[in-house]
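Student: Can we go through this model together? I'd like to start with a helix.

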Amino acid sequence: MNARQIAQLLPNPGGAATIARAAARGMKPGRPLQDPTRLCRVAVAMIAATLLGQFLHDVAAQNLLCVGAFLGGIAALMPYQRGRIAAAAWTGGAELAAALTGIVLHGIWWALLPLLAAGFFVGGIMRVVGVGISMRVIVVTIVMIAFAEITPSTGTGGREFALFAGGVAIMLGCQLLPPFEPRHLAQRRAVADLYTALTGPGPFAPALLVADNSLALVARSRDRQILGLIALTEQAEQIGQLLHAVDNRGEGSAADRPARTDIGHRLTTIAAAVRWDRGGRPGFRTSRDTESAQDPLWDKLRRSVGHAEELVAGGPLEQPLDDRRPPTPAELVRDELRPGAPMFRHAVRLAVAGVLGEVIGRAIGTAAGSSLLPAHGFWVCLTVVLILFPDYGDASSRGIARTVGTVAGALGGAALSLLPQHPVLHSALLIVLFLGYLAFRSCGQPWTMLWVVMWISVLSNGPLGAVTRGLATVVGAALALAVFLMLPTWQRARLNGLLVAWLRSQADQIAALCRMWDDYSTSHRAETARATVRTRLARLEFLDASQQAHHEPPDRTGVWTDRAVDEVSGLVGEIAKQVSVVVGLGPGDTEAVARDTRDQLVRIATQLEDLAVTITLDHMRSKVFPARPSAAAPLATDSGIATARASAAIDRLAANTRRSFSPDRIGETSPR
């Protein structure tokens, strides 16, 4: 492949349309005042820290108390999995350790910069486990470099650390305030959201994966509540499969509509009971429609929902199948620790950009002089690492939104700096601006930065603190985008490989399912469970990359246009949906149905394997497209409807692939 062909494969990161889409996405406001209970605890702590600081009659001491409470508040507000108080305490303790490290190592930059790179690399690679833990590591690393910069000497640093620790302690202490949530609230919310998703028209697989991942973090405890939530998740998967089978029938008879409404009400009741740990069996209607009651599918669906209700009511539990669980955090990280892996590239970008941001920020501070930018060069570093997300769409939209919010906040902060300097007014402004941040932090980056920059500006003397932070943010945003473009991860370039991986994993799941039906042993059940998890992860990774590809510039080959991405994503979802229906229904009640279902599944698996081979480079060059395997028409059963729809969807996917990857369309280039 020559240089011209390589250039055709590279997306053009510029373009007014791409930038406009990124700006619109970043500026779109979210809903304010989300999770008001947590916000109230943080607000109480900040008010207490601010008022305590005023009684010290030392503005610098008050500011450090408030900064400690602010960072402790971030620890309390970040997403958590194991427990609100424990997560806040661990993160707050890590922030104190980072501050102490920065104070001890201040001025020793040959030691600080490698630590900075290591911290950002760990934060980047941990994103594969979860956004919350990734951001916690990044914030802790920022605390270390911030204290390394602002500390003039070890003696002064000790006093700074004591005040900072006091603010963190106030914030953590306020996390003990009521109301108290039930145990394992994060896991309960995930399972409740799964049951809520079952009542809607959309796919439930993303909610199922979230619930599985959340429970995987605490599954080793073998606590009865956790075992119950795991059992409810497994039951929800079967309910979702059976609901898809009902959907395959179309609108159904008028007699079926009340039954579907009844199922929806019962699932909603289960979701509410799970979310808040309400004891007792949830209420639901016991009346049954006569016509639907004669339908085996509806009977099986009602039994599955009834079993879920019994689990909520404290019914007997079975030991969960460990092979069904998703990969552990250690397994996820290990899989990404290889060159070329998306999160490995993200971690490298984050480490490189963070160190560059710190060096550039300090260089700007040195050139500008201590009077203009006093020991706050880390603001460039902070901006870079908080903007630099794994995908182009997120990084560009956050960069634009964060810059707009920071500039607006800098202007507002400069105006506030002109107010009279009075301790009471200073405290009042700190409280009001922080409350504004809490109220609007869920609205997005521009609203968050507007209030944060004004709040930080009040901590500084004069308008220069606000102006320099605005300039540093612009520099950091530009640096973040430049680093991403130098070491990019284009999702459109990954779609071919991800699609092939899903096709093969889906075929493997079908093969494992057929073997389990032939011999319903523990080993075959475990094999099927593992194959199901693998294909679900592969499908959701492809769909996530497809979604992110919409926010990237189009590639110059025109292979993965937005329309092609949407069509293929829809067909992938349809195939997976129909296979899940067959899994939920089982082989069938009669030998003839079981034999027909198995034959149709073998045919589908062959189609999937052939299509995976078709997409590979060798077959694209040789223009070989395997013929559709022949088979008898499926029986008119629910399983037959599902297999027929899956086979038809694979045919459409093959036709779409043939059209998108035809040599006439992409010239002499090869799909990536």
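Tutor: Two terms before that: helices (H or I, at least four residues) and strands (E, at least two) are DSSP runs, numbered from the N terminus, and the expected span of a helix is 1.5 Å times one less than its number of residues. The model is predicted, so local features need pLDDT of at least 70, side-chain atom pairs count only at pLDDT 80 or more, and totals for chains, interfaces and linings use all residues. Residues are numbered from 1 along each chain as its sequence is written, and side-chain values use heavy atoms, with hydrogens and water left out.

Student: How far does α19 reach from its first C-alpha to its last?

Tutor: Helix α19 (residues 423-440) has 18 residues and reaches 26 Å, close to the 26 Å expected.

Student: Which of its residues are buried?

Tutor: Among them are His426, Leu430, Phe434 and Tyr437. Buried means under 20% relative accessible area, exposed over 50%, partly exposed in between (1.4 Å probe, protein chains only).

Student: And what covers them?

Tutor: The cover includes α3 (36-55), α4 (59-77), α18 (392-416) and α20 (445-459); contact means heavy atoms within 4.5 Å.

Student: Switching topic: which residues touch the most other members of the largest nonpolar core?

Tutor: Tyr195, Leu232, Ile239, Leu267, Leu301, Leu499 and Leu503, out of 78 residues. Such a core is a set of buried Ala, Val, Leu, Ile, Met, Phe, Trp, Tyr and Cys residues joined through side-chain atoms within 4.5 Å.

Student: Which helix gives the most to it?

Tutor: Helix α22 (residues 491-518), with 12 residues.
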